[in-house]
Amino acid sequence: MYYLDNLHDYLARDNCADTSMIKYSYGSGNTVQPRNLYCFKGIFQRISQQDYRLEITAPIVYKECIYQLVTLKPAINLTLQSLSDKTYVIIGGQINHAGNWLLVEHITKNKDSFG
């Protein structure tokens, strides 16, 4: 409702710049955390346009597993498009084992390599 009353605050490219999203606010002061959001560290792989993968290095149970990265959030999509191949990242998301993909809800670059 906020943007309906304040159209001037809406970004021209239709994307929300806030990628801190892990918590959602519904105006009552309460926040809701998504269920089954896990943290994964790994090496970002750029295969082609709109085709990204993550070689997981942590947690250890997923070490060396490779999952295709998908997102429903335009801001996350822009971040994925801007990353270079072989970038170390930390991703908050959910794995779909049957589809072999990881739904990205949050992503940050990690300046240090990790194993």
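The exercises below, each with a worked solution, concern a predicted model of a protein.

**Exercise 1. Overall architecture**

Determine how many helices and strands the protein has, and in which pattern they follow one another.

*Solution.* Step 1: the secondary structure amounts to two helices and seven strands. Step 2: read along the sequence, these elements give the pattern α-β-β-β-β-β-α-β-β. Step 3: of the 115 residues in the protein, 29% are buried. Step 4: the accessible surface comes to about 7,700 Å², and carbon and sulfur atoms contribute 51% of it. Step 5: among contacts with a separation of 6 or more, 50% involve residues 24 or more positions apart.

**Exercise 2. Salt bridges**

State how many salt bridges the structure holds, and classify the residues in each as buried, partly exposed or exposed.

*Solution.* Step 1: the structure holds two salt bridges. As background, side chains of opposite charge can pair when their charged atoms come close.

Step 1: Arginine 53 has a relative accessible area of 26% and is partly exposed. Aspartate 51, at 16%, is buried, because buried means under 20% relative accessible area.

Step 2: a salt bridge also links the side chains of lysine 73 and glutamate 105, at 3.6 Å from N to O. Lysine 73 lies in the loop between β5 and α2, whereas glutamate 105 belongs to strand β7 (residues 101-109), so the pair ties together parts that are 32 residues apart in sequence. With a relative accessible area of 22%, lysine 73 is partly exposed, while glutamate 105 is buried at 10%.

**Exercise 3. Positive phi angles**

Locate glutamine 50 and lysine 86, each of which has a positive phi although it is not a glycine, and decide whether each is buried, partly exposed or exposed.

*Solution.* Step 1: the phi of glutamine 50 is about 60°, and this residue is found in the loop between β3 (38-48) and β4. Its relative accessibility of 42% makes glutamine 50 partly exposed.

Step 1: the phi of lysine 86 is about 70°. Lysine 86 is placed in the loop between α2 (74-82) and β6 (88-96). Its relative accessible area is 56%, so lysine 86 is exposed, the cut-off for that class being over 50%.

**Exercise 4. A cis peptide bond**

Identify the element that contains proline 59, and describe the peptide bond between alanine 58 and proline 59.

*Solution.* Step 1: proline 59 is in the loop between β4 (51-58) and β5 (66-70). Step 2: the peptide bond joining alanine 58 and proline 59 is cis, with omega about 5°.

Technical notes. Residues are numbered from 1 along each chain as its sequence is written. This is a predicted model: local features need pLDDT of at least 70, side-chain atom pairs count only at pLDDT 80 or more; totals for chains, interfaces and linings use all residues. Side-chain values use heavy atoms; hydrogens and water are left out. Helices (H or I, at least four residues) and strands (E, at least two) are DSSP runs, numbered from the N terminus. Buried means under 20% relative accessible area, exposed over 50%, partly exposed in between (1.4 Å probe, protein chains only). Contact means heavy atoms within 4.5 Å. Accessible areas come from the Shrake-Rupley method with a 1.4 Å probe; for residues, only the protein chains shown count as cover. A salt bridge is a side-chain nitrogen of Lys or Arg within 4 Å of a carboxyl oxygen of Asp or Glu.
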